[in-house]
Amino acid sequence: MISINTYLKLIPSLLDGAKVTIQVLLWSLIFTFIIAFIAGLGKLSKWMVIRGISTVYIEIFRGTSLLVQLFWIYFVLPLFGMELSAMTAGVIAMSLCYGAYASEIVRGAILSIPKGQYEAAIALNMTPFQRMINIILPQAFKIMLPGFGNISIELIKGTALVSLITLSDLTYQALTLRNTHVGLTTEIFLSLLILYFFIALPLILFVRWMERRVQVGRA
C-alpha cells in the first residue's frame, strides 16, 4: 500500500503545473476578449475589406480544431522562421480560437440592441464612436456577460491541451507523475480534477457576481 507521505511528495509538482495553467489562462482571457471585440466589431464594419478579414478569421478558427491550431503555431511556424516558446504558442492559439467564438457573442449582442437606440443617439448628434461607446456597448455588455462566462469556463478546460506542445502545465505534470508513479494513478487524476475545479471556481463566482450586478442595474 502506498503511504500518504509518498502521495504528498507529488503535490508540489502539481502545484507548479497549476501555476503555469493559471498563467496561460489569465493571458488567454485578456487576449481572447480583446480579439473578440476587434473581430466582432470588425464583422459589423461598413467597410467590406474589414468585414471580409474578420469573417475569414472567425470561420477558420471556429471551423478547425484547437489542437490542430496549437500544432500549427508551435510546430509548423518554425519551418517558416517563426519560432515561439510553448507558453507564447499556447496563449496565441487559445486566444485566437476562443476569441473567434467570443466575437460572435459580441456581434450578436450589438445587433440585439433596438434600432431606436441608434436613432436616439443620432438625434443627439453623436458620432459613430460616441454612439458605440456611450450607448450601444454598455447595453450590449449586459447581454454578452453570460456568453463570456461560458467562454471563460471552456477556455479553462481547453488549457489542458497545451500539455501536448511540451508546456509543463497541470495536465502535463499529472501525466508525467502518472508515468513515474503508476500505483498513484487514481490519486493523481483525482488531484488534477480538484485543482482544475479550484482554478475555475473564482471565475465562476466572479461571473455570477457580475450577472447579479447587471440584474440589479436593470431593476
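Trainee: Which residues lie nearest the centre of the largest pocket?

Mentor: This is a predicted model. Its largest pocket has a volume of about 500 Å³. Of the 16 residues in the lining, those nearest the centre are L41, L44, S45, P128 and M132.

Trainee: Which element gives the most to the lining of the largest pocket?

Mentor: Two elements give two or more residues to this lining, namely helix 5 (86-111) and helix 7. By class, the lining has twelve nonpolar, one polar and three charged residues. With seven residues, the element that gives the most is helix 7.

Trainee: How many charged residues are in the lining of the second largest pocket?

Mentor: The second largest pocket has a volume of about 190 Å³. Its lining consists of L29, F33, F37, F141, L145, F148, G149, S152, L203, F206, V207 and M210. Sorted by class, these comprise ten nonpolar and two polar residues, and the number of charged residues is none.

Trainee: Which helix gives the most to the lining of that second largest pocket?

Mentor: At least two residues each come from helix 2, helix 7 and helix 9 (185-218). The greatest contribution, five residues, is that of helix 7.

Trainee: Is helix 2 oblique or parallel to helix 7?

Mentor: Helix 2 (residues 11-43) and helix 7 (residues 128-158) have axes 11 Å apart and pack at an angle of about 135°. Because of that angle, the relation of helix 2 to helix 7 is oblique.

Trainee: Is the crossing of helix 2 and helix 7 left-handed or right-handed, and which residues of helix 7 make the contact?

Mentor: Helix 2 passes helix 7 in a crossing that is right-handed. From helix 2, the contact uses L25, S28, L29, T32, F33, F37 and L41. Its class composition is twelve nonpolar, three polar and no charged residues. The helix 7 side consists of M132, L137, M144, F148, I151, S152, L155 and I156.

Trainee: How many charged residues does the contact of helix 5 with helix 7 have?

Mentor: These two helices pack at an angle of about 145°, their axes being 8 Å apart, and their crossing is right-handed. Helix 5 contributes M94, Y98, Y101, A102, I105, V106, A109 and I110, while helix 7 contributes residues including M132, I136, L137, A140 and E154. Besides 17 nonpolar and two polar residues, the number of charged residues in the contact of helix 5 with helix 7 is one.

Notes: Residues numbered from 1 in each chain as written. Predicted model: local features only at pLDDT ≥ 70, side-chain atom pairs only at ≥ 80, totals over all residues. Heavy atoms only, no water. Axes fitted to C-alpha atoms, helices over the stretch in contact; angles between N-to-C directions. Helix = DSSP H or I, 4+ residues; strand = E, 2+ residues; numbered from the N terminus. Parallel < 35°, antiparallel > 145°, perpendicular 65-115°, else oblique. Left-handed = near helix turned anticlockwise from the far one by under 90°. Contact = heavy atoms within 4.5 Å. Nonpolar A, V, L, I, M, F, W, Y, C, P; charged D, E, K, R; others polar. 1 Å grid on protein atoms, 1.4 Å probe; cavity = no way out; pocket = protein on both sides within 12 Å on 5 of 7 lines; lining within 4 Å. Points joined across faces, edges and corners; volume = space filled by probe spheres on them.
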